[in-house]
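Let us read a few features together, taking the general idea before the particular case.

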Amino acid sequence: MFDIDRWQEIWITITRNKMRSFLTAFGVFWGIFMLVVMSGSGSGLKEGIMKNIKGFATNTAFFWTEQTSEPYKGFRKGRFWSMKMDDIEALRAGVKEIKYISPILFGGRSTNNVVFGEKAGTYSVKGILSEYNKIDEQELLYGRSINEIDNLSKRKVCVIGRRIHEELFEKGKSPVGELLKVNGMYYIVVGVTRSTSDININGNSDETVTLPYTTMQQAYNYGDDVYFMVVTAQDNIKIGAIEETIRRILKNRHHIAPTDAKAVGGMNLEKQFNMFNNLFLGINILIWIVGLGTLIAGVVGVSNIMLVTVKERTKEIGIRRALGAKPNAIITQILSESLVLTLIAGVFGLMSGVGLLGLIGMLSRAGNDSAFFEPQIQFSIAITALAVLAVFGLLAGLIPAGRAIKIKAIDAIREE
């Protein structure tokens, strides 16, 4: 049953020496405040980085050709070689764990290589298969993406990035159906896209003209060579598990030494992603160590002030013991005072930290800061922090409570 007199007594005791209580509570306030702000800042930094790769399949690896570093089967060291389109089909058939695979062609980025009417600009050009759209997802603003029929029929169509649309076409008007001159040849615009990630392959996607792979092969005489390839593994398979299999098949098909570590260049995006996860795991551990250390320092202050309080109330506690107060009643009062003081300071610290994170979030959105996005503390972390704080508050009162129950009536007389 709620005892209002007891809680009034607790509150009077806490406020008896306001300055001492304030300084002690500030240590707890600062500890929980720092824990919330650091945890939220770490979360905001992680969200900012993850936002940069949003829309791009992280279970992906890139492959390209390099000079051989070893002689093999009569071929000299330093030989140049190229992947071919039939390598794509061989990998598709031989590695069942592949979900998506697409070669990419890169066109020249000469001055004013893209022209519409009287306007011109310098932009990147690339050719893809339709599967690439599932690896690097783009937001469609107008029209559609490059599809399989475009490649089968070698259609002279293109998809342009958002920036090209803004700089060459009338604002707010769909460019779908318009003729665009790209590297000296005309293509029908079938779509406009906006990049959802900051992963740029040979240039920003918002400043890139995308053509069907087969069309670009034929139009610019690239032949059957493949210089760059993107592979995504099945959802339940790590790309690292099939990366070496892909390299082995390519080496075998092009007479490259199995031990040649340089001939097939590559980058595993999954490894980069895991590196970020490990980095943020370390940051979170450091945050909790620093935050809990600061919090413990504040709780030690609470324990000290409770010891002083017990000493000041020796007469009161001794008289209560003489009048028949049970040890549990004394212990409960001291622990309650310690818990209330700790929780009041902790809740204010939590609210202040959340408020500061909200302000930082507003400023980051206004400044479009992609490296620091929506800093916030998870609800579960806030509840955990308060639970830890409550435990620490009780622990802070154990020593003072133990000293309080040892006070006897004779001690109260001596205090006189």
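Q: Which residues of α8 are buried?

A: A residue is called buried under 20% relative accessible area, exposed over 50%, and partly exposed in between, with a 1.4 Å probe and protein chains only. In this predicted model, where local features need pLDDT of at least 70, side-chain atom pairs count only at pLDDT 80 or more, while totals for chains, interfaces and linings use all residues. Residues are numbered from 1 along each chain as its sequence is written, and side-chain values use heavy atoms, without hydrogens and water. The buried residues of α8 are I239, I242, E243, I246, R247, I249, L250 and K251.

Q: How many aromatic pairs does the structure hold?

A: A pair of aromatic rings is described by the distance of the centres and the angle of the planes. Rings of Phe, Tyr and Trp (its six-membered ring) pair if their centres lie within 6.5 Å, and planes under 30 degrees apart count as stacked, over 60 as edge-to-face and the rest as tilted. The structure holds four such pairs; W64 and F228 are stacked, because their ring centres are 5.9 Å apart and their planes stand at 5°. W64 is partly exposed, with a relative accessible area of 26%, whereas F228 is buried at 13%. Ring pairs join F62, W64, F106 and F228 into a cluster.

Q: Where does the charged end of R79 sit?

A: A charge sits over a ring if NZ of Lys or CZ of Arg is within 6 Å of the ring centre and within 35 degrees of the ring normal. The charged end of R79 sits over the ring of F75, 4.2 Å from its centre, and K156 lies over the face of Y187, at 5.7 Å from the ring centre.

Note on methods. Helix = DSSP H or I, 4+ residues; strand = E, 2+ residues; numbered from the N terminus.
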